[in-house]
Amino acid sequence: MFESLLSISLAFLIVTVSPGPANIAVSTVALRHGRRRGLWFGLGLTLGLAFWGLVAATGMGAVLQASAEALFALKILGGVYLSWLAFNAAKAALKGVAEEAGPGRDRSWGLPQGLLLNLSNPKAVFAWMAALSMGLSAEAGGALVPVATALCMLIGLANYAGYALIFSLPGMMTGYRRISRWVEGAVASLFSAAALGLFRSALSER
């Protein structure tokens with residue numbers, strides 16, 4: 001059982017910490033608005049990730065993977081949301097003015113934004129299924145699934161919190177404000193590329 005959990009955890013850790021829309025987003029939120037906003041956003045990402053984990057663990061992931069219409073709708077939704085994030089980043093790059101973090105602006109609205117980002121990411125369920133398949137077997141039994149799912153959720157939470165804490169450090173935020181145009185421009189490009197990838201993937205399966 002321990003070996004199976006270790007295999008699943010390592011596979012999920014590699015997928016989770018790698019650069020992607022969610023990690024880029026939580027890093028950018030922390031840079032713009034500070035630690036608390038970044039942590040709220042990371043919590044929202046974790047809840048979205050947990051939803052897809054439950055979907056994969058209950059076997060619905062295989063059904064979703066086989067449903068062309070559901071996948072198409074999810075990819076289009078994800079592409080639209082990523083395009084919106086790219087648009088906001090592009091606006092920030094053009095303005096060249098970083099918003100200061102402050103008590104009045106440290107609200108929890110980052111949570112629903114983070115939740116929506118991972119809920120609109122259909123790749124998350126496949127990442128879960130790939131990670132779970134690394135360690136699950138007939139010998140391991142179904143009892144391992146909820147334990148592995150809970151463990152992966154904790155890994156996701158630690159990952160997003162880590163990004164938020166690192167990128168909200170005073171030195172990081174000060175450096176960001178000096179080169180905010182370049183940072184936001186790069187973020188806009190990455191989100192645009194991710195959105196385009198989802199749109200192309202959705203249309204290629206029609």
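1. Start with the crossing of helix H2 (residues 21-33) and helix H9 (residues 170-178): their axes come within 8 Å and cross at roughly 85°. Axes here are lines fitted to C-alpha atoms, for helices over the stretch in contact, with angles running from 0 to 180 degrees between N-to-C directions. That makes H2 roughly perpendicular to H9 (under 35 degrees is roughly parallel, over 145 roughly antiparallel, 65 to 115 roughly perpendicular, the rest oblique). On the H2 side the residues are Ala30, Leu31, Arg32 and His33, and they meet Met172, Met173, Tyr176 and Arg177 of H9; contact means heavy atoms within 4.5 Å.

2. A word on what you're looking at. This is a predicted model, where local features need pLDDT of at least 70 and side-chain atom pairs count only at pLDDT 80 or more, while totals for chains, interfaces and linings use all residues. Residues are numbered from 1 along each chain as its sequence is written, and side-chain values use heavy atoms, with hydrogens and water left out.

3. On the fold: the protein chain has 10 helices and 0 strands. Both are DSSP runs numbered from the N terminus (helices are H or I, at least four residues; strands are E, at least two). Of contacts between residues at least 6 apart in sequence, 88% join residues at least 24 apart.

4. H9 also packs against helix H10 (residues 180-204), at about 90° and with the axes 5 Å apart. So these two are roughly perpendicular as well. Tyr176, Arg177 and Arg178 of H9 make the contact with Ser180, Val183 and Glu184 of H10.

5. Now the salt bridge, meaning a side-chain nitrogen of Lys or Arg within 4 Å of a carboxyl oxygen of Asp or Glu. The count comes to 1: Arg32 pairs with Glu184, the closest N and O atoms being 2.6 Å apart. Arg32 is in H2 and Glu184 in H10, so the pair ties together parts 152 residues apart in sequence. Arg32 and Glu184 are both buried (buried is under 20% relative accessible area, exposed over 50%, partly exposed in between; 1.4 Å probe, protein chains only). Across the 206 residues of the chain, 43% count as buried.

6. Finally, the surface. The chain's accessible surface is about 10400 Å², with 72% belonging to carbon and sulfur atoms; areas come from the Shrake-Rupley method with a 1.4 Å probe. Worth a look is Phe2, in helix H1 (residues 2-17), which counts as exposed because its relative accessibility is 61%.
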